[in-house]
Amino acid sequence: QQQQQQQQQKQQPAVSAAPLEKLENPHFEAYYRRQAICPETEWPMFMAALRSELPMAFRVNRGAHTAKPLLAQLRGSRVAVAAKEKEE
């Protein structure tokens, strides 16, 4: 049963962010325009920077009771884990 669940998890598509052109929220933009945090001439560059993709990072507390199952799940998923781990 556990193996079947692991296989199903591997078959699920990787989570992806919304396409960058869909990252629009008129209320968000209006709020930050009112804050005048950048000159109006720089507004398109500011919004482009906010829409840019960011790397994903995880920090797992090895002392938590959920650490081993979480690490096993991350290792078995499509998420690239960039960390040196001590084998226990």
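Helices (H or I, at least four residues) and strands (E, at least two) are DSSP runs, numbered from the N terminus.

The model is predicted: local features need pLDDT of at least 70, side-chain atom pairs count only at pLDDT 80 or more, and totals for chains, interfaces and linings use all residues. Residues are numbered from 1 along each chain as its sequence is written, and side-chain values use heavy atoms, with hydrogens and water left out.

**View 1. Overall fold of the protein.** The protein has 4 helices and 0 strands. Along the sequence the pattern reads α-α-α-α. The chain has 88 residues, and 8% of them count as buried (under 20% relative accessible area; exposed is over 50%, partly exposed in between; 1.4 Å probe, protein chains only). The accessible surface is about 8,400 Å². Carbon and sulfur atoms account for 53% of that surface. Accessible areas come from the Shrake-Rupley method with a 1.4 Å probe, and for residues only the protein chains shown count as cover. Contact means heavy atoms within 4.5 Å. Of the contacts between residues at least 6 apart in sequence, 35% join residues at least 24 apart.

**View 2. The two ends of helix 2.** Helix 2 covers residues 26-35. Asparagine 25 caps its N-terminal end. A side-chain oxygen of asparagine 25 lies 2.9 Å from the backbone nitrogen of histidine 27. A polar contact is a pair of N or O atoms within 3.5 Å; within protein, one must be able to donate a hydrogen and the other to accept it, and residues adjacent in sequence count only if both atoms are side-chain atoms. Helix 2 is followed by alanine 36. Alanine 36 sits in the loop between helix 2 and helix 3 (43-51). Its phi is positive, about 50°, although alanine 36 is not a glycine. Most residues other than glycine have a negative phi. Alanine 36 counts as exposed because its relative accessibility is 57%.

**View 3. Helix 2 against helix 3.** Two packed helices are described by the angle between their axes and the distance between the axes. Axes are lines fitted to C-alpha atoms, for helices over the stretch in contact, and angles run from 0 to 180 degrees between N-to-C directions. The axes of helix 2 and helix 3 come within 12 Å and cross at roughly 130°. The two helices are therefore oblique to each other (under 35 degrees is roughly parallel, over 145 roughly antiparallel, 65 to 115 roughly perpendicular, the rest oblique). Helix 2 contributes Phe28, Glu29, Tyr32 and Arg33 to the contact. Helix 3 contributes Trp43, Met47, Leu50 and Arg51.

**View 4. Glutamate 29 and methionine 47.** Glutamate 29 belongs to helix 2. It counts as buried because its relative accessibility is 18%. Leaving aside neighbours within four places in sequence, glutamate 29 is in contact with Glu24, Trp43, Met47 and Arg51. Methionine 47 lies in helix 3. Methionine 47 is buried too, at 6% relative accessibility. Not counting residues up to four places away in sequence, methionine 47 touches Phe28 and Glu29. Methionine 47 and glutamate 24 are 23 residues apart in sequence, and their C-alpha atoms are 9.3 Å apart.

**View 5. Leucine 74 in helix 4.** Helix 4 spans residues 67-76 and holds leucine 74. Leucine 74 is buried, with a relative accessible area of 11%. Leucine 74 and phenylalanine 58 are 16 residues apart in sequence. In space, the two are 9.6 Å apart, C-alpha to C-alpha.
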